[in-house]
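Hi there,

Here is the structure I promised to pass on. My notes follow below it.

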Amino acid sequence: MAMTEQISVEEYAAKARVFLDANAEKKEARKKFVWGEGSDNVSMFEERSKEAEEEMLRRAKAWQALRFDNGFAWITGPTEYGGAGLTVAHERAYNQVEREYKTAPLGAFQIGLGMVAPTILAHASQNARDLYLRKMWRADIVGCQLFSEPGAGSDLASVQAKAEKDGDEWVITGQKVWTSGAQFSDIGEIICRTDPGLPKHKGLTGFIVNMRAPGVEIRPLRQMTGGASFNEVFFNEVRVPDDHRLGDVNNGWNVALTTLMNERASIGSADSGENTMYTRLLEMIRHYELDTDPIVREMLADLYINTKVAGYTSQRATDKMRAGQMPGPEMSIGKMALVNNQKKMNDLVAHVLGAKLVVDTGEWGTYAWSQLLLGAPGMRIAGGSDEVMRNIVGERVLGLPKDVGIDSKSAFRDIKVGTQKD
Ligand SMILES: Cc1cc2nc3c(=O)[nH]c(=O)nc-3n(C[C@H](O)[C@H](O)[C@H](O)COP(=O)(O)OP(=O)(O)OC[C@H]3O[C@@H](n4cnc5c(N)ncnc54)[C@H](O)[C@@H]3O)c2cc1C
(Lines give C-alpha, C1' and ligand atoms only; values in the text may rest on other atoms or scores of the structure.)
Protein backbone atom coordinates (compact mmCIF):
# COMPACT_ATOMS: atom_id res chain seq x y z
CA MET A 1 0.00 0.00 0.00
CA ALA A 2 1.52 3.31 -1.01
CA MET A 3 0.75 6.32 1.14
CA THR A 4 0.57 9.88 -0.08
CA GLU A 5 3.11 12.57 0.80
CA GLN A 6 0.34 14.41 2.64
CA ILE A 7 0.15 12.13 5.65
CA SER A 8 1.73 13.84 8.64
CA VAL A 9 4.39 12.09 10.71
CA GLU A 10 2.00 12.00 13.69
CA GLU A 11 -0.81 10.42 11.63
CA TYR A 12 1.63 7.93 10.18
CA ALA A 13 2.89 6.97 13.65
CA ALA A 14 -0.72 6.49 14.76
CA LYS A 15 -1.38 4.21 11.75
CA ALA A 16 1.80 2.30 12.59
CA ARG A 17 0.55 1.74 16.12
CA VAL A 18 -2.78 0.36 14.84
CA PHE A 19 -0.89 -1.97 12.47
CA LEU A 20 1.51 -3.14 15.17
CA ASP A 21 -1.24 -3.62 17.78
CA ALA A 22 -3.04 -5.88 15.32
CA ASN A 23 0.01 -7.87 14.22
CA ALA A 24 2.64 -7.97 16.96
CA GLU A 25 2.87 -8.45 20.67
CA LYS A 26 3.87 -5.52 22.84
CA LYS A 27 7.15 -5.92 24.75
CA GLU A 28 6.72 -6.15 28.49
CA ALA A 29 7.94 -3.17 30.43
CA ARG A 30 11.70 -3.66 30.54
CA LYS A 31 12.58 -5.82 33.50
CA LYS A 32 15.57 -4.73 35.49
CA PHE A 33 18.62 -6.67 34.34
CA VAL A 34 19.77 -9.00 37.08
CA TRP A 35 23.28 -10.45 36.92
CA GLY A 36 23.09 -14.23 36.67
CA GLU A 37 19.53 -14.43 35.26
CA GLY A 38 18.46 -15.24 31.70
CA SER A 39 20.80 -15.80 28.75
CA ASP A 40 24.44 -14.72 28.98
CA ASN A 41 24.90 -14.83 25.18
CA VAL A 42 26.67 -11.70 23.87
CA SER A 43 28.04 -13.11 20.58
CA MET A 44 28.67 -10.80 17.63
CA PHE A 45 27.79 -13.32 14.92
CA GLU A 46 24.57 -15.29 15.21
CA GLU A 47 25.57 -18.94 14.99
CA ARG A 48 22.64 -21.17 14.21
CA SER A 49 22.09 -24.71 13.01
CA LYS A 50 20.70 -25.06 9.48
CA GLU A 51 17.23 -25.73 10.89
CA ALA A 52 17.37 -22.72 13.23
CA GLU A 53 18.57 -20.52 10.36
CA GLU A 54 15.68 -21.68 8.16
CA GLU A 55 13.19 -20.97 10.92
CA MET A 56 14.71 -17.51 11.53
CA LEU A 57 14.44 -16.75 7.79
CA ARG A 58 10.85 -17.97 7.60
CA ARG A 59 9.81 -15.67 10.44
CA ALA A 60 11.81 -12.71 9.10
CA LYS A 61 10.33 -13.10 5.60
CA ALA A 62 6.78 -13.32 6.91
CA TRP A 63 7.19 -10.19 9.04
CA GLN A 64 8.86 -8.17 6.28
CA ALA A 65 6.13 -9.16 3.76
CA LEU A 66 3.41 -8.06 6.18
CA ARG A 67 5.17 -4.73 6.79
CA PHE A 68 5.60 -4.26 3.04
CA ASP A 69 1.97 -5.03 2.21
CA ASN A 70 0.89 -2.43 4.77
CA GLY A 71 3.28 0.31 3.63
CA PHE A 72 5.71 0.03 6.54
CA ALA A 73 8.72 -1.72 4.99
CA TRP A 74 10.22 0.60 2.36
CA ILE A 75 8.98 3.83 3.84
CA THR A 76 11.23 6.22 1.91
CA GLY A 77 11.20 4.16 -1.32
CA PRO A 78 9.69 5.37 -4.62
CA THR A 79 6.04 4.36 -5.01
CA GLU A 80 6.60 2.97 -8.53
CA TYR A 81 8.62 0.10 -7.00
CA GLY A 82 6.39 -0.47 -4.00
CA GLY A 83 7.89 2.07 -1.59
CA ALA A 84 5.66 4.33 0.51
CA GLY A 85 7.24 7.51 -0.96
CA LEU A 86 7.50 9.14 2.47
CA THR A 87 10.26 10.96 4.31
CA VAL A 88 13.05 9.98 6.67
CA ALA A 89 11.01 11.52 9.50
CA HIS A 90 8.19 9.04 8.77
CA GLU A 91 10.70 6.19 8.78
CA ARG A 92 12.16 7.28 12.13
CA ALA A 93 8.66 7.58 13.60
CA TYR A 94 7.77 4.05 12.48
CA ASN A 95 11.01 2.58 13.81
CA GLN A 96 10.46 4.26 17.14
CA VAL A 97 6.98 2.78 17.49
CA GLU A 98 8.07 -0.67 16.25
CA ARG A 99 10.74 -0.85 18.98
CA GLU A 100 7.90 -1.15 21.52
CA TYR A 101 6.82 -4.49 19.97
CA LYS A 102 8.27 -7.98 19.70
CA THR A 103 9.04 -8.53 16.01
CA ALA A 104 11.18 -10.95 14.01
CA PRO A 105 14.84 -9.80 13.65
CA LEU A 106 15.56 -8.70 10.06
CA GLY A 107 19.38 -8.90 10.06
CA ALA A 108 19.35 -11.43 7.19
CA PHE A 109 18.19 -8.64 4.85
CA GLN A 110 20.75 -6.04 5.92
CA ILE A 111 23.14 -6.55 2.99
CA GLY A 112 20.41 -7.02 0.38
CA LEU A 113 18.32 -4.03 1.43
CA GLY A 114 21.04 -1.82 2.87
CA MET A 115 23.57 -2.21 0.05
CA VAL A 116 22.40 -4.19 -2.99
CA ALA A 117 18.90 -2.70 -3.42
CA PRO A 118 20.13 0.94 -3.35
CA THR A 119 22.67 0.01 -6.04
CA ILE A 120 19.97 -1.63 -8.18
CA LEU A 121 17.82 1.50 -7.79
CA ALA A 122 20.73 3.74 -8.81
CA HIS A 123 22.28 1.69 -11.63
CA ALA A 124 20.07 -1.18 -12.92
CA SER A 125 18.02 -1.29 -16.14
CA GLN A 126 14.31 -0.52 -15.88
CA ASN A 127 13.57 -4.23 -16.37
CA ALA A 128 15.86 -5.29 -13.51
CA ARG A 129 14.47 -2.61 -11.18
CA ASP A 130 10.93 -3.80 -11.97
CA LEU A 131 11.97 -7.42 -11.49
CA TYR A 132 13.85 -7.13 -8.22
CA LEU A 133 13.18 -4.09 -6.05
CA ARG A 134 9.66 -4.93 -4.96
CA LYS A 135 10.56 -8.60 -4.39
CA MET A 136 13.65 -7.69 -2.36
CA TRP A 137 11.82 -5.21 -0.16
CA ARG A 138 8.97 -7.69 0.35
CA ALA A 139 11.60 -10.33 1.26
CA ASP A 140 10.38 -12.67 -1.45
CA ILE A 141 14.06 -12.80 -2.40
CA VAL A 142 17.29 -12.08 -0.51
CA GLY A 143 20.44 -10.44 -1.94
CA CYS A 144 24.18 -10.75 -1.15
CA GLN A 145 27.36 -8.87 -2.05
CA LEU A 146 29.89 -10.65 -4.27
CA PHE A 147 32.89 -8.29 -4.24
CA SER A 148 35.89 -9.78 -2.39
CA GLU A 149 38.18 -12.34 -3.98
CA PRO A 150 41.27 -14.13 -2.65
CA GLY A 151 43.42 -11.47 -4.39
CA ALA A 152 41.07 -8.49 -4.09
CA GLY A 153 39.77 -7.21 -0.75
CA SER A 154 40.98 -3.77 0.31
CA ASP A 155 42.25 -3.39 -3.23
CA LEU A 156 38.86 -4.24 -4.68
CA ALA A 157 39.75 -2.88 -8.12
CA SER A 158 41.99 -5.95 -8.57
CA VAL A 159 39.07 -8.37 -9.01
CA GLN A 160 39.79 -11.10 -11.53
CA ALA A 161 36.44 -12.89 -11.89
CA LYS A 162 35.75 -12.24 -15.55
CA ALA A 163 32.59 -11.57 -17.53
CA GLU A 164 32.69 -12.07 -21.29
CA LYS A 165 29.98 -10.96 -23.67
CA ASP A 166 28.23 -13.70 -25.66
CA GLY A 167 25.34 -12.34 -27.73
CA ASP A 168 22.75 -10.85 -25.35
CA GLU A 169 24.36 -12.55 -22.37
CA TRP A 170 27.50 -12.38 -20.27
CA VAL A 171 29.41 -15.45 -19.13
CA ILE A 172 30.95 -15.19 -15.64
CA THR A 173 33.86 -17.32 -14.42
CA GLY A 174 35.88 -16.86 -11.23
CA GLN A 175 35.85 -17.03 -7.43
CA LYS A 176 34.45 -14.75 -4.74
CA VAL A 177 35.12 -15.07 -1.02
CA TRP A 178 33.74 -13.94 2.38
CA THR A 179 30.24 -13.69 0.92
CA SER A 180 27.99 -13.19 3.95
CA GLY A 181 24.65 -14.97 3.72
CA ALA A 182 25.28 -16.48 0.24
CA GLN A 183 23.81 -19.74 1.57
CA PHE A 184 20.32 -18.23 1.79
CA SER A 185 20.53 -15.61 -0.98
CA ASP A 186 18.61 -15.69 -4.26
CA ILE A 187 20.52 -12.96 -6.09
CA GLY A 188 23.93 -11.32 -5.74
CA GLU A 189 25.58 -8.11 -6.86
CA ILE A 190 28.84 -9.12 -8.53
CA ILE A 191 31.74 -7.00 -9.79
CA CYS A 192 33.67 -8.59 -12.68
CA ARG A 193 36.56 -7.73 -14.96
CA THR A 194 35.23 -7.03 -18.44
CA ASP A 195 38.30 -5.47 -20.05
CA PRO A 196 41.78 -6.43 -18.76
CA GLY A 197 43.28 -4.10 -21.38
CA LEU A 198 42.09 -1.05 -19.40
CA PRO A 199 43.56 0.31 -16.13
CA LYS A 200 42.24 -1.64 -13.18
CA HIS A 201 39.53 0.75 -12.02
CA LYS A 202 38.30 1.21 -15.59
CA GLY A 203 37.73 -2.35 -16.87
CA LEU A 204 35.13 -3.50 -14.32
CA THR A 205 31.38 -4.04 -14.68
CA GLY A 206 28.65 -4.84 -12.16
CA PHE A 207 25.87 -7.42 -12.65
CA ILE A 208 22.95 -8.97 -10.81
CA VAL A 209 23.49 -12.70 -10.77
CA ASN A 210 21.04 -15.49 -9.95
CA MET A 211 22.58 -17.45 -7.05
CA ARG A 212 20.69 -20.57 -8.10
CA ALA A 213 21.87 -20.50 -11.74
CA PRO A 214 23.76 -23.51 -13.14
CA GLY A 215 27.50 -23.07 -12.49
CA VAL A 216 27.17 -21.30 -9.09
CA GLU A 217 28.73 -23.28 -6.23
CA ILE A 218 28.54 -22.04 -2.63
CA ARG A 219 30.89 -23.44 0.04
CA PRO A 220 30.71 -22.39 3.73
CA LEU A 221 33.79 -20.95 5.52
CA ARG A 222 34.18 -21.64 9.24
CA GLN A 223 35.36 -18.73 11.40
CA MET A 224 37.22 -18.78 14.73
CA THR A 225 34.01 -18.37 16.74
CA GLY A 226 32.96 -21.82 15.46
CA GLY A 227 30.12 -20.71 13.15
CA ALA A 228 30.05 -20.30 9.36
CA SER A 229 28.47 -16.97 8.40
CA PHE A 230 30.56 -16.60 5.22
CA ASN A 231 31.11 -18.51 2.02
CA GLU A 232 33.34 -18.99 -0.95
CA VAL A 233 31.32 -18.74 -4.16
CA PHE A 234 32.59 -20.25 -7.39
CA PHE A 235 31.26 -19.21 -10.82
CA ASN A 236 31.76 -21.63 -13.65
CA GLU A 237 30.50 -20.11 -16.92
CA VAL A 238 27.40 -18.64 -15.28
CA ARG A 239 25.18 -16.87 -17.81
CA VAL A 240 23.68 -13.44 -17.04
CA PRO A 241 21.39 -11.50 -19.41
CA ASP A 242 22.72 -8.11 -20.54
CA ASP A 243 19.77 -6.30 -18.94
CA HIS A 244 21.08 -7.56 -15.57
CA ARG A 245 24.14 -5.36 -16.00
CA LEU A 246 24.52 -2.58 -13.42
CA GLY A 247 25.47 0.68 -15.11
CA ASP A 248 27.53 0.95 -18.28
CA VAL A 249 30.07 -1.60 -19.42
CA ASN A 250 33.43 -0.87 -17.68
CA ASN A 251 31.81 1.57 -15.23
CA GLY A 252 31.67 -1.02 -12.45
CA TRP A 253 33.95 0.95 -10.12
CA ASN A 254 31.27 3.64 -9.66
CA VAL A 255 28.66 0.93 -9.13
CA ALA A 256 30.87 -0.65 -6.43
CA LEU A 257 31.36 2.75 -4.76
CA THR A 258 27.58 3.21 -4.45
CA THR A 259 27.40 -0.12 -2.60
CA LEU A 260 30.44 0.58 -0.41
CA MET A 261 29.10 3.99 0.65
CA ASN A 262 25.90 2.32 1.80
CA GLU A 263 27.91 -0.43 3.53
CA ARG A 264 29.98 2.03 5.57
CA ALA A 265 26.85 3.98 6.47
CA SER A 266 25.10 0.86 7.72
CA ILE A 267 28.13 -0.34 9.74
CA GLY A 268 28.87 3.11 11.18
CA SER A 269 25.27 3.61 12.26
CA ALA A 270 24.78 0.05 13.50
CA ASP A 271 22.88 -0.19 16.74
CA SER A 272 25.60 -1.33 19.08
CA GLY A 273 23.00 -2.48 21.58
CA GLU A 274 24.54 0.30 23.66
CA ASN A 275 22.03 0.37 26.50
CA THR A 276 21.71 -3.35 27.08
CA MET A 277 25.46 -3.91 26.75
CA TYR A 278 26.25 -1.08 29.17
CA THR A 279 23.80 -2.41 31.71
CA ARG A 280 25.36 -5.87 31.42
CA LEU A 281 28.84 -4.44 31.68
CA LEU A 282 27.93 -2.29 34.68
CA GLU A 283 26.27 -5.16 36.48
CA MET A 284 29.30 -7.34 35.84
CA ILE A 285 31.54 -4.65 37.34
CA ARG A 286 29.25 -4.36 40.37
CA HIS A 287 29.08 -8.16 40.72
CA TYR A 288 32.87 -8.32 41.04
CA GLU A 289 32.83 -5.28 43.37
CA LEU A 290 34.99 -3.23 41.04
CA ASP A 291 32.70 -0.22 40.80
CA THR A 292 34.92 1.80 43.09
CA ASP A 293 38.12 0.70 41.35
CA PRO A 294 39.62 3.88 39.79
CA ILE A 295 41.06 2.09 36.74
CA VAL A 296 37.80 0.32 35.94
CA ARG A 297 35.86 3.59 36.42
CA GLU A 298 38.19 5.43 34.08
CA MET A 299 37.93 2.73 31.40
CA LEU A 300 34.15 2.76 31.65
CA ALA A 301 33.85 6.55 31.45
CA ASP A 302 36.20 6.62 28.47
CA LEU A 303 34.11 3.99 26.68
CA TYR A 304 30.85 5.79 27.42
CA ILE A 305 32.06 9.19 26.19
CA ASN A 306 33.61 7.79 23.02
CA THR A 307 30.50 5.77 22.20
CA LYS A 308 28.31 8.87 22.48
CA VAL A 309 30.64 10.91 20.25
CA ALA A 310 30.81 8.10 17.66
CA GLY A 311 27.02 7.96 17.57
CA TYR A 312 26.82 11.67 16.70
CA THR A 313 29.43 11.33 13.93
CA SER A 314 27.52 8.46 12.33
CA GLN A 315 24.27 10.34 12.64
CA ARG A 316 25.84 13.27 10.73
CA ALA A 317 26.97 10.95 7.90
CA THR A 318 23.62 9.14 7.56
CA ASP A 319 21.64 12.40 7.70
CA LYS A 320 23.82 13.78 4.91
CA MET A 321 23.17 10.70 2.76
CA ARG A 322 19.46 10.78 3.41
CA ALA A 323 19.41 14.44 2.42
CA GLY A 324 20.80 13.36 -0.96
CA GLN A 325 24.40 14.52 -0.35
CA MET A 326 27.50 12.39 -0.75
CA PRO A 327 28.91 11.76 2.72
CA GLY A 328 32.55 12.65 3.19
CA PRO A 329 35.23 11.02 5.32
CA GLU A 330 32.96 11.18 8.40
CA MET A 331 31.72 7.76 7.27
CA SER A 332 35.25 6.35 7.66
CA ILE A 333 35.71 8.16 10.98
CA GLY A 334 32.37 6.79 12.23
CA LYS A 335 33.32 3.27 11.26
CA MET A 336 36.74 3.49 12.92
CA ALA A 337 35.19 4.94 16.07
CA LEU A 338 32.66 2.13 16.27
CA VAL A 339 35.30 -0.59 16.10
CA ASN A 340 37.67 1.27 18.46
CA ASN A 341 34.91 1.49 21.02
CA GLN A 342 34.22 -2.19 20.62
CA LYS A 343 37.90 -2.78 21.43
CA LYS A 344 37.65 -0.52 24.51
CA MET A 345 34.69 -2.59 25.68
CA ASN A 346 36.53 -5.85 25.08
CA ASP A 347 39.61 -4.59 26.96
CA LEU A 348 37.44 -3.65 29.92
CA VAL A 349 35.75 -7.08 29.93
CA ALA A 350 39.16 -8.77 29.78
CA HIS A 351 40.46 -6.54 32.59
CA VAL A 352 37.52 -7.48 34.82
CA LEU A 353 37.28 -11.20 34.00
CA GLY A 354 40.93 -12.12 33.52
CA ALA A 355 41.36 -15.90 33.05
CA LYS A 356 37.60 -16.54 33.34
CA LEU A 357 37.29 -15.14 29.83
CA VAL A 358 39.40 -17.87 28.27
CA VAL A 359 38.56 -20.90 30.42
CA ASP A 360 34.99 -22.18 30.63
CA THR A 361 34.39 -22.63 34.36
CA GLY A 362 30.62 -22.86 33.85
CA GLU A 363 30.17 -19.57 35.74
CA TRP A 364 27.33 -17.46 34.28
CA GLY A 365 28.34 -14.35 32.31
CA THR A 366 32.06 -15.05 32.08
CA TYR A 367 33.25 -17.37 29.26
CA ALA A 368 30.23 -16.26 27.17
CA TRP A 369 32.00 -12.92 26.53
CA SER A 370 34.71 -14.78 24.57
CA GLN A 371 32.24 -15.05 21.65
CA LEU A 372 32.07 -11.26 21.47
CA LEU A 373 35.83 -10.87 21.69
CA LEU A 374 36.44 -13.47 18.96
CA GLY A 375 33.83 -11.91 16.65
CA ALA A 376 34.97 -8.31 17.10
CA PRO A 377 38.12 -8.39 14.92
CA GLY A 378 35.89 -9.09 11.91
CA MET A 379 34.39 -5.64 12.26
CA ARG A 380 37.86 -4.08 11.94
CA ILE A 381 38.01 -5.61 8.44
CA ALA A 382 34.43 -5.70 7.10
CA GLY A 383 33.38 -2.70 5.02
CA GLY A 384 36.97 -1.41 4.70
CA SER A 385 39.77 -2.26 7.15
CA ASP A 386 41.05 0.15 9.81
CA GLU A 387 44.20 0.84 7.80
CA VAL A 388 42.22 1.65 4.67
CA MET A 389 39.91 3.95 6.67
CA ARG A 390 43.00 5.71 8.05
CA ASN A 391 44.32 6.17 4.53
CA ILE A 392 41.04 7.87 3.59
CA VAL A 393 41.21 10.20 6.58
CA GLY A 394 44.91 10.87 5.90
CA GLU A 395 44.23 11.86 2.31
CA ARG A 396 40.88 13.58 2.59
CA VAL A 397 41.03 15.23 6.01
CA LEU A 398 44.74 15.74 6.65
CA GLY A 399 45.67 16.41 3.02
CA LEU A 400 48.48 13.81 3.00
CA PRO A 401 49.76 12.45 -0.35
CA LYS A 402 47.86 9.57 -1.95
CA ASP A 403 48.61 5.98 -0.89
CA VAL A 404 51.57 4.71 -2.93
CA GLY A 405 51.40 1.34 -4.64
CA ILE A 406 48.14 1.71 -6.55
CA ASP A 407 48.87 1.48 -10.25
CA SER A 408 45.88 3.20 -11.78
CA LYS A 409 47.41 3.82 -15.20
CA SER A 410 48.71 0.54 -16.67
CA ALA A 411 46.44 -2.02 -18.31
CA PHE A 412 45.25 -4.49 -15.65
CA ARG A 413 46.73 -7.44 -17.56
CA ASP A 414 50.21 -5.85 -17.24
CA ILE A 415 50.01 -5.46 -13.45
CA LYS A 416 51.21 -8.25 -11.20
CA VAL A 417 48.34 -8.30 -8.65
CA GLY A 418 49.57 -7.72 -5.10
CA THR A 419 52.80 -5.98 -6.12
CA GLN A 420 51.49 -2.87 -7.85
CA LYS A 421 53.68 0.16 -7.89
CA ASP A 422 53.21 3.59 -9.42
C1 LIG B 1 32.46 -9.76 8.91
C2 LIG B 1 32.84 -9.70 7.45
C3 LIG B 1 31.85 -9.76 6.48
C4 LIG B 1 32.20 -9.69 5.12
N5 LIG B 1 31.20 -9.81 4.19
C6 LIG B 1 31.53 -9.70 2.88
C7 LIG B 1 30.52 -9.84 1.87
O8 LIG B 1 29.34 -10.09 2.17
N9 LIG B 1 30.87 -9.71 0.58
C10 LIG B 1 32.17 -9.43 0.20
O11 LIG B 1 32.41 -9.28 -0.99
N12 LIG B 1 33.16 -9.34 1.12
C13 LIG B 1 32.86 -9.47 2.45
N14 LIG B 1 33.86 -9.39 3.39
C15 LIG B 1 35.23 -9.23 2.95
C16 LIG B 1 35.82 -7.85 3.20
O17 LIG B 1 35.27 -6.92 2.32
C18 LIG B 1 37.34 -7.97 3.06
O19 LIG B 1 37.79 -8.84 4.07
C20 LIG B 1 38.02 -6.63 3.18
O21 LIG B 1 37.75 -5.83 2.06
C22 LIG B 1 39.55 -6.77 3.35
O23 LIG B 1 40.08 -7.53 2.33
P24 LIG B 1 41.02 -8.80 2.61
O25 LIG B 1 40.37 -9.66 3.63
O26 LIG B 1 41.35 -9.39 1.28
O27 LIG B 1 42.33 -8.19 3.27
P28 LIG B 1 43.52 -7.46 2.51
O29 LIG B 1 42.98 -6.42 1.61
O30 LIG B 1 44.39 -8.50 1.90
O31 LIG B 1 44.27 -6.74 3.71
C32 LIG B 1 45.18 -7.45 4.56
C33 LIG B 1 45.78 -6.43 5.54
O34 LIG B 1 46.50 -5.43 4.81
C35 LIG B 1 46.04 -4.13 5.13
N36 LIG B 1 46.05 -3.27 3.94
C37 LIG B 1 45.56 -3.58 2.72
N38 LIG B 1 45.71 -2.54 1.88
C39 LIG B 1 46.31 -1.55 2.58
C40 LIG B 1 46.74 -0.22 2.27
N41 LIG B 1 46.58 0.28 1.04
N42 LIG B 1 47.31 0.51 3.26
C43 LIG B 1 47.50 0.02 4.51
N44 LIG B 1 47.12 -1.25 4.86
C45 LIG B 1 46.54 -2.01 3.92
C46 LIG B 1 44.61 -4.34 5.60
O47 LIG B 1 44.18 -3.30 6.45
C48 LIG B 1 44.70 -5.67 6.33
O49 LIG B 1 45.17 -5.48 7.64
C50 LIG B 1 33.55 -9.50 4.74
C51 LIG B 1 34.55 -9.44 5.73
C52 LIG B 1 34.21 -9.54 7.06
C53 LIG B 1 35.31 -9.48 8.07
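Into which domains is the protein chain divided? There is domain 1 (1–16 + 37–105), domain 2 (143–253) and domain 3 (269–384), with bounds that come from an automatic or database domain assignment. Please keep in mind that this is a predicted model, in which local features need pLDDT of at least 70 and side-chain atom pairs count only at pLDDT 80 or more, while totals for chains, interfaces and linings use all residues. Residues are numbered from 1 along each chain as its sequence is written.

**Domains 1 and 2.** Their C-alpha centres lie 29 Å apart. Five residues of domain 1 are in contact with five of domain 2 (C-beta atoms, placed from the backbone, within 7 Å). On the domain 1 side, two of these residues are nonpolar, one is polar and two are charged. Here Ala, Val, Leu, Ile, Met, Phe, Trp, Tyr, Cys and Pro count as nonpolar, Asp, Glu, Lys and Arg as charged, and the others, Gly among them, as polar.

**The ligand.** It is surrounded by 20 residues, and the closest are Phe-147, Gly-153, Ser-154, Ser-385 and Glu-387 (a residue is near if its C-beta atom, placed from the backbone, lies within 6 Å). Two or more residues each come from β3 (143–146), α10 (369–381) and α11 (386–396); helices (H or I, at least four residues) and strands (E, at least two) are DSSP runs, numbered from the N terminus. The shell has eight nonpolar, nine polar and three charged residues. Because domain 2 and domain 3 both give residues to this shell, the ligand lies between them.

Best wishes

Key. Two residues are in contact if their C-beta atoms, placed from the backbone, lie within 7 Å.
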